[in-house]
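Student: Please pick one part of this model and take me through it closely. I would like to see how it sits among its neighbours.

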Amino acid sequence: MKRAQEHPELAETLRRRRFLGVAAGATAATLVGTATATAAQTGTSAQSDTAARKGRGGPLVPRGHLGIQLYTLRDQVQSIGFAQVFKELARYGYDQVEFAGYTQGTGDITLGQLTRLMRDHGLRGIGSHVGYYSDDPKAYTFATNLTQVLDDAEALGLPHVGTASGPWRYGSTVDGWKRCAEEFNTYGAAAKARGMKFYQHNHAEEFSFATDRPDVRLYDVLLAETDPDLVHLEMDIYWAYVAQYRFGKKVDGSPAPFEPLDYVLRAPHRYPLFHVKDGEHDETATDGYRMVDVGDGDIDYRRFLTAVGRTHGGRRDHHWMVEHDQPADSLTTARRSARYLRSLRCGGRG
């Protein structure tokens with residue numbers, strides 16, 4: 001089994017996020033499960049989905065669809081290791097994990113060991129954040145080592161593999177984003193050939209306007225220029241609402257309102273993954289929000305989850321990843337966020 005590769009662009013990405021004023025942070029029920037366990041989970045999920053469709057208080061987040069971005073728990077992974085972190089996540093009711101680097105500073109761990117640890121704790125690897133590009137030809141990014149990136153994701157049984165890097169490689173013009181879209185289509189085609197989906201995770205700046213076309217929102221360019229069968233999106237809901245606050249006006253000051261949920265409802269099949277993080281509205285803050293644990297903020301997750309769940313395949317095709325960029329106590333954040341999301345019921349209060 002190949003050794004797990006670190007994500008060498010991660011530090012660069014975080015530096016860029018800080019520079020932009022954005023806080024850093026940016027298979028079955030188990031990888032190898034028994035037929036009996038799979039059938040039991042399928043039956044439970046089907047029952048809850050039926051109850052939800054009939055408005056009988058089924059869970060808004062279906063069983064098997066709640067995960068966490070392990071970047072949230074990077075301090076705990078480094079201090080107590082993947083095995084103990086996975087044990088805690090299973091205890092909190094998580095089903096899935098999303099990677100941001102495969103060692104996270106723990107040293108010499110292999111993909112095979114990670115696979116066994118997920119299996120032993122009833123967790124499924126759902127996706128991974130990998131760098132988009134680098135000037136170093138040996139860097140672990142899609143642009144420089146596509147085959148290795150896909151080999152590793154395939155070895156872990158990941159159904160999705162993507163990047164949290166924005167399409168800024170060629171600047172912030174329409175043509176620059178079109179060039180990035182072409183490259184994303186290439187990565188998407190290569191991932192699809194392996195039975196995986198390539199995805200891009202947004203921050204707030206993707207919703208800003210092109211420098212050469214101040215009437216054009218860059219996120220719209222990305223959607224229009226990428227093949228919807230090859231390039232998928234992981235909406236970070238918090239950063240999308242930050243963008244609504246920051247980029248609700250064009251450069252000339254004219255109104256340009258948008259609703260993040262509308263993007264999903266127009267093309268729900270393009271959004272298999274979501275980052276679930278919360279924020280308290282605070283207009284004294286640059287971003288208009290202060291990040292808090294899920295359930296403690298002002299983002300209406302009951303509304304968001306209900307609307308997505310009502311789309312075709314909405315309860316089957318979408319996965320919800322808890323994340324907090326700078327938690328005061330990451331295990332507490334993971335526990336409280338899972339408890340809140342598990343408490344939300346169709347037709348109930350939340």
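Tutor: Gladly! Helices (H or I, at least four residues) and strands (E, at least two) are DSSP runs, numbered from the N terminus. This is a predicted model, in which local features need pLDDT of at least 70 and side-chain atom pairs count only at pLDDT 80 or more, while totals for chains, interfaces and linings use all residues. Residues are numbered from 1 along each chain as its sequence is written, and side-chain values use heavy atoms, leaving out hydrogens and water.

Let's look at helix α6, residues 174-193. With 20 residues at 1.5 Å a residue, α6 should span 28 Å (1.5 Å times one less than the number of residues), and the 29 Å between its end C-alpha atoms agrees. Just past the helix, Gly195 has a positive phi of about 85 degrees.

Among the buried residues of α6 are Val174, Trp177, Phe184 and Tyr187; buried means under 20% relative accessible area, exposed over 50% and partly exposed in between, with a 1.4 Å probe and protein chains only. Cys180 also counts as buried, because its relative accessible area is 0%. The structure holds zero disulfides, a disulfide being a pair of cysteine sulfur atoms within 2.5 Å.

What do the buried residues of α6 pack against? Their neighbours are α5 (142-155), β4 (160-163), β5 (197-201), α7 (218-225) and β6 (231-236), where contact means heavy atoms within 4.5 Å. Helix α7 has buried residues of its own, Leu218, Tyr219, Val221, Leu222 and Leu223, and their cover includes α6, β5, β6 and α9 (260-266).

The strands in that list belong to an open sheet of eight, with parallel pairing, ordered β3-β2-β1-β10-β7-β6-β5-β4; two strands pair if DSSP finds at least two bridges between them. β4 and β3 (124-128) stand at the edges with a single partner strand each, so one side of each has no neighbour in the sheet. From one strand to the next, the twist averages 30 degrees. Helix α5 packs on this sheet, touching β4 and β5, and its direction makes about 155 degrees with that of β4; axes are lines fitted to C-alpha atoms, for helices over the stretch in contact, and angles run from 0 to 180 degrees between N-to-C directions.

Elsewhere in the sheet, three bridges join β1 (residues 66-69) to β10, and the two run parallel. Gly67 has Met321 in β10 as its bridge partner.
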